[in-house]
Amino acid sequence: MNLDNLARVDLNLLVILQVLLEEQSVTRAAHRLHLSQSAVSKSLNRLREALDDPLFQRTAHGLKPTAHALALRQKLLPVLQNLYQLTQPPTFHPASSQRHFTFSMVESAYETLIPYFIGPLLQQAPSVKLDSYVWTEKSMQDLQQGQIDFGIAGRDIHPQSDFKIEHVPEGIEYQTLFNDHQVCLVRKNHPILKIIESGNWDQAQYLAMSHVQVRCEGNDWWALDYHLANLGLHRHLSTTVPDFYGAASVCAHTDLIFTLPSSFAIHAQKLYSLESVPLPFDFMPMAYVFLWHERNNQEPGHQWFRELIFNSVDNAMANNHIIQTGVPKG
């Protein structure tokens, strides 16, 4: 396609040609187009010059299209219909859409959130395809570059943390889905449980233990570790693993302690023989946030997807399905 040549064509002339082909009369075409007969005649002359063909022959019964004009007639209407669609605002119809959405989600939110929105999504948009990936250190860049449509990530609410909600790149929009806090998991019959029962569970006891940690976004340290470092303290991270269920399994078969969001601890306890105990010192909560790029703020499909997620999470929160530990939604 030579766009330079196309740029020299007045696309309005194609509309006039289509109406002339339908009406086969300058008078009737001028009436439909709300133009003077003189203006339509001048446009026809421009068309003849641009297409190097007379296009119409005058007869007693009006204008008779030439062979070239008849050939153009078969191609012209679909072209104009496509051009018309370009001028219309975008639409999205979930029931008939075959859109493909992609998103990345932190592993700790998968089991907590997906069950509550995948059902409504498939019910409303049965032909929509949804691809999900684990949130990594590259996911924010993927979101900025349009490689993924949405993200669900954990962000710290601690005012001095580098992982604060407000620290998102330019152009990234977000909405908090719910707040959570950290708890600890230990195996059944762990020796620390007797200490906790005696009321001696404190920060010193916690830091004296060996810990299993999940590597998140490529980092071995979590916001909790940076918080402790600011106090001149640190945890002994005995083992670092790539996923939450792996950490829960290690925790269930060793004396290591696992600190994690309370919403995921509920699911881990369904699979492994684990006890949940509170973090023995104050630490600010975290937030699960939904992320998207501002370029898609007004795109109907993206708007529909966001509202479906927000409504699903709100309904789950209202029915105490997501958090059962009294953590308020932000």
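Author: Here is a walk through the sheet, its strands and its surroundings.

A quick word on the ground rules: this is a predicted model, where local features need pLDDT of at least 70 and side-chain atom pairs count only at pLDDT 80 or more, while totals for chains, interfaces and linings use all residues. Residues are numbered from 1 along each chain as its sequence is written, and side-chain values use heavy atoms, with hydrogens and water left out.

Okay, the sheet. Five strands make up an open sheet, and their order is β9-β8-β10-β7-β11, with mixed pairing. The names come from DSSP runs numbered from the N terminus: helices are H or I with at least four residues, strands are E with at least two. Two strands pair if DSSP finds at least two bridges between them. β9 (236–241) and β11 (274–278) are the edge strands, each with a single partner, so one side of each has no neighbour in the sheet. On average, neighbouring strands here are turned by 35° against each other, direction ignored. For angles like this, axes are lines fitted to C-alpha atoms (for helices, over the stretch in contact), and the angles run from 0 to 180 degrees between N-to-C directions.

β8 is mostly covered, as four of its five residues are buried. Buried means under 20% relative accessible area, exposed over 50%, and partly exposed in between, using a 1.4 Å probe and protein chains only.

Strand β7 (residues 182–187) runs antiparallel to β11, and five bridges join the two. Here you can find R187 opposite L274 in β11. As you trace any of these strands, remember that in a regular strand the side chains alternate between the two faces of the sheet.

Two helices lie across the strands. Helix α12 (residues 262–271) lies across β7, β10 and β11, and its angle to β10 is about 125°.

Next, zoom in on R235, in the loop between α10 (223–230) and β9. With 5% relative accessibility, R235 counts as buried. If you skip its neighbours within four places in sequence, R235 is in contact (heavy atoms within 4.5 Å) with Y206, L207, H211, Q213, L224, D225, L228 and T259. With Y206, the side chain of R235 also makes a polar contact, side chain to side chain, at 3.2 Å. A polar contact is a pair of N or O atoms within 3.5 Å; within protein, one must be able to donate a hydrogen and the other to accept it, and residues adjacent in sequence count only if both atoms are side-chain atoms.

One last stop: D180, in strand β6 (residues 172–180). D180 is buried too, with a relative accessible area of 0%. Its side chain and that of S262 are joined by a polar contact of 2.4 Å. And S262? That residue number falls in the range of helix α12 (residues 262–271), which lies across the sheet strands β7, β10 and β11.
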